Amino acid sequence: MKAVVFREFAQPPVVETVDDPTPTPQGVVLRVEATGVCRSDWHGWMGHDPDVQLPHVPGHELAGTIEAVGSQVSRWQGGERVTLPFVCGCGHCPECAAGQQQVCDFQFQPGFTGWGSFAEYVAIDYADGNLVAVPDEISSVTAASLGCRFATAFRAVVDQGKVTGGNWVAVHGCGGVGLSAVMIASALGANVIAVDINRDKLNFAASIGAAITLDATTCEDVPEEIQRLTHGGAHVSLDALGSPITCFNSVACLRKRGKHIQVGLMLADHKHPAVPMDRVIGWELELLGSHGMQAHRYPAMLAMIKAGQLHPEKLIGKTISLADAPAALANMGSFQDLGVTVVDRFG
């Protein structure tokens, strides 16, 4: 099969011909129909994730058709269109037993702990607990875009933030996950403030539901301005980028007893950012993470999509071929793309 491979960190990946995967007894092999290009893939390529072993095939946002089924798989027969979370649970550990597969003790992450979906085929383990059927109404390109950024934003806003109508929600960073959070929070009736340094991204955020946009390059003090606009601060704030500045601003813009959700990855030199802990204590703030979403929570998200409450297809910026994927991966460090880039041509 053809696949994007890198053999050294931060060196140009190339499209190569490699061996086709085979399923484990509990796993399946998917024919990849679409796979998103995500900044998390960029972190893996840069060497920021200790799980990535060389040589490596990236890719963790995917949708495809089941081509081969392991001998111990009971829920799938082959031929089904499916997607999956980027964090897959083992199905046996205490976290999985509690329904918290997103923090599984033995989690499998395609594109990180194993070869991923920048390829014609990908092997997925623990298939019975991790695969999600894709409804006929949802295209493979849209389904692929759900796997990391949209699903992570859904869990952050709905399950972790518990956002309700009338809440003020601040979203710091309007990349794929930030725009997803803007759309989801707005659909729940929240008043969303989108913050970024790119005017095109802010305009896009406004078009999908942001009530207010803030350009951080022209705003002297982002937390103070959000406090002013909301008459006391945001009820929920998300760092959707993952930087020391956006993390600090997200915490500092909250009202008393507000919630900060860390969605953007904080890796390498950013993994121990400064936090206004005096404010956290004095105002009884909550600091929460959002690390993917369990497969069993997908029906709630898919129901809102099918009902027309959410439109993830609007977040698709462009589709590209597998041959274009190496350049797209390398460019993820520049934050320039508007919307989600998806590979949907593998020939």
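Reader: Where is the place of Pro 55?
Author: Look in the loop between helix H1 (39-46) and strand E4 (61-69). Those labels come from DSSP runs (H or I of at least four residues for helices, E of at least two for strands), numbered from the N terminus. Pro 55 is joined to Leu 54 by a cis peptide bond, with omega about -10°. Bear in mind that this is a predicted model, where local features need pLDDT of at least 70 and side-chain atom pairs count only at pLDDT 80 or more, while totals for chains, interfaces and linings use all residues. Residues are numbered from 1 along each chain as its sequence is written, and side-chain values use heavy atoms, with hydrogens and water left out.

Reader: What is the phi of Ala 10, which is not a glycine?
Author: Ala 10 has a positive phi of about 65°. You'll find Ala 10 in the loop between strand E1 (2-5) and strand E2 (14-17).

Reader: Why does Ala 10 count as partly exposed?
Author: Buried means under 20% relative accessible area, exposed means over 50%, and partly exposed is in between (1.4 Å probe, protein chains only). Ala 10 comes out at 34%, so it counts as partly exposed. Tyr 126 gets that label at 21%. Tyr 126 also has a positive phi, about 50°, although it is not a glycine, and its place is the loop between strand E6 (121-124) and helix H3 (127-130).

Reader: Why is Glu 137 called exposed?
Author: Its relative accessible area is 59%, so Glu 137 is exposed. Glu 137 lies in the loop between strand E7 (132-133) and H4. In space, its C-alpha is 9.3 Å from that of Ile 305, though the two are 168 residues apart in sequence.

Reader: And what makes Asn 167 count as buried?
Author: Asn 167 has 13% relative accessibility, so it counts as buried. It is found in the loop between helix H4 (140-160) and E8. Leaving aside neighbours within four places in sequence, Asn 167 is in contact (heavy atoms within 4.5 Å) with Lys 162, Ala 190, Asn 191 and His 235.

Reader: In what order do the six strands of the open sheet run?
Author: The order is E10-E9-E8-E11-E12-E13, with parallel pairing (two strands pair if DSSP finds at least two bridges between them).

Reader: Which are the edge strands, and what makes them so?
Author: Strand E10 (212-215) and strand E13 (286-289) each pair on one side only.

Reader: How do you know that E11 and E12 pair?
Author: Strand E11 (residues 234-239) and strand E12 (residues 254-262) share five bridges, in the parallel sense. In E12, His 260 stands opposite Ser 237, and Lys 259 stands opposite Val 236. E11 also pairs in the parallel sense with strand E8 (residues 168-172), over four bridges; there, Asp 239 of E11 is the bridge partner of His 172.

Reader: What makes E11 largely enclosed by the rest of the structure?
Author: Five of its six residues are buried, so E11 is largely enclosed.
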